[in-house]
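Visitor: I am new to this structure. Please show me how to read it, one feature at a time.

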Amino acid sequence: MLSYTLRRLFMTLPVMLFVALFVFGLLDLAPGDPAALLAGEDATPDDILRIRATLGLDQPFLQRFGVWSWNVLHGDLGMSLFTGQPVAHMISQRLAPTFSLMLMTLIVSVIIAIPIGALAAWKHNRLQDRTIMVLAVFSFSVPSFAVGYLLAWFFGLQLRWFPVQGYVPLSTGFWASVHTLVLPALALGSVYVALITRITRATLLETLSQDYVRTARAKGVNNRGLLFRHALKNAAVPIITVIGSGVALLISGTVVTETVFSIPGLGRLVVDAILRRDYPIIQGVILLFSFMYVLVNLLVDLLYRAFDPRIKY
C-alpha cells in the first residue's frame, strides 16, 4: 500500500507541471494587456512599456514561466497587479469561506442523495422511484445559479428563513456560520445530489440482483438489514468513487455560487481578478483548484483500493 501511494504521488508531479504550463500559457495568450489597464486611459506608449518592463511582461515566455514556477515551488505565487499584495496571502484569506461551503455541500449532498437513491432502488419502477428520477433529471439539468436565485427568492425573501447573501466565519459561531451556508450549499449541491442519487440507485439495483442478496432474503433477513448491511455496503465502492470524482463540480461551482450569494471566497476572488485581468491571482487560484482536484482523485483511488476486496496487495 505504501509503495503504491508513493508511486501515485510521484505520478501527480508531471500532471501538475502540465497544468501549470497550460494555465500560464492560456492566460499569456488571453486578450488584453494588464500593463495598459494599470497605466490608465491617458497613458502614453512609453508608460505602458515601462510598466511591462517592471512586471517582467517583456521577457520571453519560457523565461517568465521558469521564474514563476521556481517561485511557486517556494510558496511565492507573485504579487497582485492591482492591490500589490502577495497572492498567497490573498488566497489564504479566502480559503475558509470556500472550504466551509464545499464541506457543507458535500455533507448535505451525501445525507440527501444516498438515502433517496437507496429508496429509488428499493422501490424500483414504482411511484417513489419514478418521482425521484424525475427530480434527479430536473436537478441535473438546471444550472446551479438558477437554483440559487430560486432558493434565495423563496426561502430568503419570501419565508425569510435564511440570509440571501454574506458569510459568517466559524469563529463568530458555528450555527450562525451554518445558517448562512444552507442556501449556497443546496444550490451548489443540486447537480451533485442528482449525480450521487443516480449512481446509488444504479449500483444498488445491480447489487440487489446478486445471488448472495437473494440468499440473505431467503434466510429471513429483514429489509433494513438486507438493504444497508448487505447491498449498500457492497455497493459502496462505485458510490465513493463518484463522490470523489464529483468534487470537480464543487470546485467549479463555487465560482458561480459565491458570486450569487456574495460569499467572499476564492470564487469571488477569481471573478474579480478576471474582470481586472489580474493574472497572478487567476494563475494562483486555478493552480490551487487543480492541486485540490488531483489530491482528491488520489484519495479516491486509495479508498477504492482499500474498499475493493478484489484488489490484493
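Visitor: Is Lys 123 buried, partly exposed or exposed?

Guide: Begin with the terms: buried means under 20% relative accessible area, exposed over 50%, partly exposed in between (1.4 Å probe, protein chains only). Lys 123 has 21% relative accessibility, so Lys 123 counts as partly exposed. This is a predicted model: local features need pLDDT of at least 70, side-chain atom pairs count only at pLDDT 80 or more, and totals for chains, interfaces and linings use all residues. Residues are numbered from 1 along each chain as its sequence is written, and side-chain values use heavy atoms, leaving out hydrogens and water.

Visitor: Where is Lys 123 placed, and which residues does Lys 123 touch, not counting residues up to four places away in sequence?

Guide: Lys 123 sits in the loop between α5 and α6. Helices (H or I, at least four residues) and strands (E, at least two) are DSSP runs, numbered from the N terminus. Contact means heavy atoms within 4.5 Å. Leaving aside residues up to four places away in sequence, Lys 123 touches Gln 128 and Asp 129. Arg 201 is 78 residues from Lys 123 in sequence, and 10.0 Å away in space, C-alpha to C-alpha.

Visitor: How do α5 and α6 pack?

Guide: Two packed helices are described by the angle between their axes and the distance between the axes. Axes are lines fitted to C-alpha atoms, for helices over the stretch in contact, and angles run from 0 to 180 degrees between N-to-C directions. Helix α5 (residues 87-122) meets helix α6 (residues 127-141) at about 135 degrees, with the axes 7 Å apart. The two helices are therefore oblique to each other. Angles under 35 degrees count as roughly parallel, over 145 as roughly antiparallel, 65 to 115 as roughly perpendicular and the rest as oblique.

Visitor: Which residues make the contact?

Guide: From α5 come Ile 116, Leu 119 and Ala 120; from α6 come Asp 129, Ile 132 and Met 133.

Visitor: Which residues touch the most other members of the largest nonpolar core?

Guide: A nonpolar core is a set of buried Ala, Val, Leu, Ile, Met, Phe, Trp, Tyr and Cys residues joined through side-chain atoms within 4.5 Å. The largest has 49 residues, and those touching the most other members are Ile 91, Met 104, Ile 243, Phe 261, Leu 269, Ile 281 and Val 285. α5 gives the most to this core, with 11 residues.

Visitor: How many helices and strands does the protein chain have?

Guide: The chain has 15 helices and 0 strands. Of its 313 residues, 41% are buried.
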